[in-house]
Amino acid sequence: MNFETILFEKTGPIVTVTINRQKALNALNPTVIDDLTHAFATIGEDGEVRAVILTGAGDRAFVAGADISVMATMGPKEALALAEKGHGLCDRIARLPQPVIAAVNGFALGGGTELALACDVIYASTKAQFGQPEVKIGVLPGFGGTQRLFRRVGPGRAAEMIYAGESINAEEALRIGLVNLVVAPEELLSRARTLAEKIAQRAPQAVAMSKRALNEGMEMGLAQGNALERRLFADLFSTADQKEGMAAFLEKRTANFTGR
């Protein structure tokens, strides 16, 4: 697939999407958002894809933020359109049936942190920096940061990061639960791929329903969330992969999952 601002690589059941604006530190502008939205829409419709890795080109930035040169002249109407576009992308990633691993290789500021937060798992290199610095330029996070950040790290940590607008390094991000793993830069993509390969070996519908239970359950009370889990658990007993998985376990062999 050809895109103006991203690289799209499909290797077997794993897709790697790389934001490719190195000179602009991979900053998000409307074209990048459109390219990413198109890419993830395509992934969601591809039954062969089992896991996705999202990263930035080069070794300096995952996404250094939204492109301020584009935003500087906007009025409220244009800003709302941009926010809706950014929210649409992040919601698409969060709702994708396949798990998405953010491999954060450098700066992930503003929209970069928000993009990572839309992913299921965040792996970071020791060079990574995270932050929501929007208050420093007179606005607030507009691509979901005020909502997804506190759900990941808690309201107190989120308030501190958003109100002060200061960035944190990878080790601090790990300490507060923002990221899952911190590794040397040269190990980042290989570690993300190792996780993607493990996910790709599991039953696709079971993984997708697990993601749905986690994400939808987060918006529910405990009783509602448990009811959703019970229904999805029962629904999976109508799949061929459930029969294959349990038969393989009892027969002490590797399961051959087909996604059916």
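Predicted model: local features only at pLDDT ≥ 70, side-chain atom pairs only at ≥ 80, totals over all residues.
## The hairpin of β1 and β2

Strand β2 also pairs with strand β1 (residues 6-11), here in the antiparallel sense and over six bridges. Within this pairing, F8 stands opposite V17 of β2. Two residues lie between β1 and β2 in the hairpin that they form, and G12 in its turn has a positive phi of about 60°.

## Burial of β2

Is strand β2 covered on one face or on both faces? Both faces are covered: I14, T16 and T18 are buried on one side, and V15, V17 and I19 are buried on the other. In a regular strand, side chains alternate between the two faces of the sheet. Because six of the six residues of β2 (residues 14-19) are buried, the strand is largely enclosed by the rest of the structure.

## Helices α5 and α6

A further contact joins helix α5 (residues 145-153) and helix α6 (residues 155-164), whose axes come within 7 Å and cross at roughly 135°. The helices α5 and α6 are therefore oblique to each other, and their crossing is right-handed. On the α5 side the contact is made by G145, T146, L149, F150 and V153. P155, R157, A158, M161 and I162 make the contact on the α6 side.

How values were computed: Residues numbered from 1 in each chain as written. Heavy atoms only, no water. Buried < 20%, exposed > 50% of the residue type's maximum accessible area, 1.4 Å probe, protein only. Helix = DSSP H or I, 4+ residues; strand = E, 2+ residues; numbered from the N terminus. Pairing = 2+ DSSP bridges. Axes fitted to C-alpha atoms, helices over the stretch in contact; angles between N-to-C directions. Parallel < 35°, antiparallel > 145°, perpendicular 65-115°, else oblique. Left-handed = near helix turned anticlockwise from the far one by under 90°. Contact = heavy atoms within 4.5 Å.
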